[in-house]
Amino acid sequence: MADYILSCCSTADLTKEVFEQRNIPYICFHYELDGKSYLDDLGETMPFDKFYQAMENGADTKTSQVNVDEFCDYFEPFLKEGKDILHLTLSSGISGVYNSACVAQVMMQEKYPERKIYIVDSLSASSGYGLLMDKLADMRDEGKSIDEVYQWALDHRKNLQHWFFTSDLTYLIRGGRVSKAAGLIGGMMNICPLMTVDPQGKLVARQKVRTKKKVIRAIVDKMEENAEGGADYSGKCFISNSACMEDAMEVAKLIEERFPKLKGKVEIFSIGTTIGSHTGPGTVAVFFWGSERN
């Protein structure tokens, strides 16, 4: 049994059951739906289908990160038990939560000087962040020390590849990532932007692909281009989606056909309410291990 806690935020977008099976505790972000506050608790309080339907109906969404006091309250029970902590946060490229966790780290370190508290900026999001946690849990279960796991996370987090597309530009326009003019033209031309996460953990557009059918093919091509071993990739692949399971299943089917050495089946999860507040419904994201992001 490891003498440390491997922990993350709910924005790693796995299921409660998976987190429990992997022994990964998590702390929840917050969001608002039409002015009412909720915990981003993996769909327990607000089922994902209900959340995305509300967005489609025009509901206003707003998100807020975990604050310093919440992190202190979350960390302290583990420290009181005599456990060290390795906590990974959502990418600093899309959230300020890493800073909050670091402030809490300093405060708790002063109170529990005998304990190790490590905070890592995952530079990842959604189930890509989840795939990173899954790998670190494997290392912990193999008997690796907190220092070994911490260093591996720092050294390899940029090898976690993120590729995603959306079939609805509405929410990218609303969030300011796409201009209204470009969004109007893109909608008329049936553009589905293919995006990725850069070395700083920020979302960036890579290609403008016409039609969903073509972008589904393009995202699998990007996986072959960037995966460790190309078509011989033998690691895991996670997919997350926002209320478009059929599209996610189509991508998973193509991946399993293209990558015969894949470790197990592609695992499909829902994009949670924090990330989903910004992507909206209609987004499919693919995550795998590969070349370092550039």
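At roughly what angle do the axes of H5 and helix H6 (residues 146-156) cross? The axes of these helices come within 10 Å and cross at roughly 150°. Here the axes are lines fitted to C-alpha atoms, for helices over the stretch in contact, and angles run from 0 to 180 degrees between N-to-C directions. H5 and H6 are therefore roughly antiparallel to each other. Angles under 35 degrees count as roughly parallel, over 145 as roughly antiparallel, 65 to 115 as roughly perpendicular and the rest as oblique.

The model is predicted: local features need pLDDT of at least 70 and side-chain atom pairs count only at pLDDT 80 or more, while totals for chains, interfaces and linings use all residues. Residues are numbered from 1 along each chain as its sequence is written, and side-chain values use heavy atoms, with hydrogens and water left out. Helices (H or I, at least four residues) and strands (E, at least two) are DSSP runs, numbered from the N terminus.

H5 passes H6 in a right-handed crossing. A crossing is right-handed if the near helix is turned clockwise from the far one by less than a right angle, and left-handed if anticlockwise. From H5, Leu-132, Lys-135, Leu-136, Met-139 and Arg-140 meet Glu-148, Val-149, Trp-152 and Ala-153 of H6, contact meaning heavy atoms within 4.5 Å. By class, this contact of H5 with H6 has six nonpolar, no polar and three charged residues. Ala, Val, Leu, Ile, Met, Phe, Trp, Tyr, Cys and Pro count as nonpolar, Asp, Glu, Lys and Arg as charged, and the others, Gly among them, as polar.

H5 itself is mostly covered, with 13 of its 16 residues buried. Buried means under 20% relative accessible area, exposed over 50%, and partly exposed in between (1.4 Å probe, protein chains only). At 1.5 Å a residue, the 16 residues of H5 should span 22 Å, and the end C-alpha atoms are 23 Å apart, which agrees. The expected span is 1.5 Å times one less than the number of residues in the helix. Ser-126 belongs to H5 (residues 126-141) and is buried, with a relative accessible area of 4%. Not counting residues up to four places away in sequence, Ser-126 touches Thr-11, Ala-12, Asp-13, Ser-240, Ile-271, Ile-275 and Phe-287. After H5 comes Gly-143, whose phi is positive, near 100°.

Glu-17 and Glu-148 are 131 residues apart in sequence and 26 Å apart in space, C-alpha to C-alpha. Glu-17 lies in helix H1 (residues 16-21) and is partly exposed, with a relative accessible area of 48%.

H3 passes H4 in a right-handed crossing. The contact is made by Val-68, Phe-71, Cys-72, Phe-75, Glu-76 and Leu-79 of H3, together with residues of H4 including Val-97, Ala-101, Ala-104, Met-108 and Lys-111. By class, the contact of H3 with H4 has eleven nonpolar, one polar and two charged residues.

Helix H9 (residues 212-226) has 15 residues, which at 1.5 Å a residue should span 21 Å; the end C-alpha atoms are 21 Å apart, which agrees. Its buried residues are Val-215, Ile-216, Ala-218, Ile-219, Val-220, Lys-222, Met-223 and Asn-226. The buried residues of H9 pack against strands E8 (160-166), E9 (191-197), E10 (203-210), E11 (237-241) and E13 (283-289), and against helix H10 (245-258).

The axes of H9 and H10 come within 10 Å and cross at roughly 40°. H9 and H10 are therefore oblique to each other, and their crossing is right-handed. Residues of H9, among them Lys-212, Arg-217, Asp-221 and Glu-224, meet Asp-247, Glu-250, Val-251, Leu-254, Ile-255 and Arg-258 of H10. By class, the contact of H9 with H10 has seven nonpolar, no polar and seven charged residues.

Two loops deserve a look at the backbone. Most residues other than glycine have a negative phi. Asp-34, in the loop between strand E3 (30-33) and strand E4 (36-39), has a positive phi near 50°. At 55% relative accessibility, Asp-34 counts as exposed. Ala-243, in the loop between E11 and H10, has a positive phi of about 55° although it is not a glycine. At 53% relative accessibility, Ala-243 counts as exposed.
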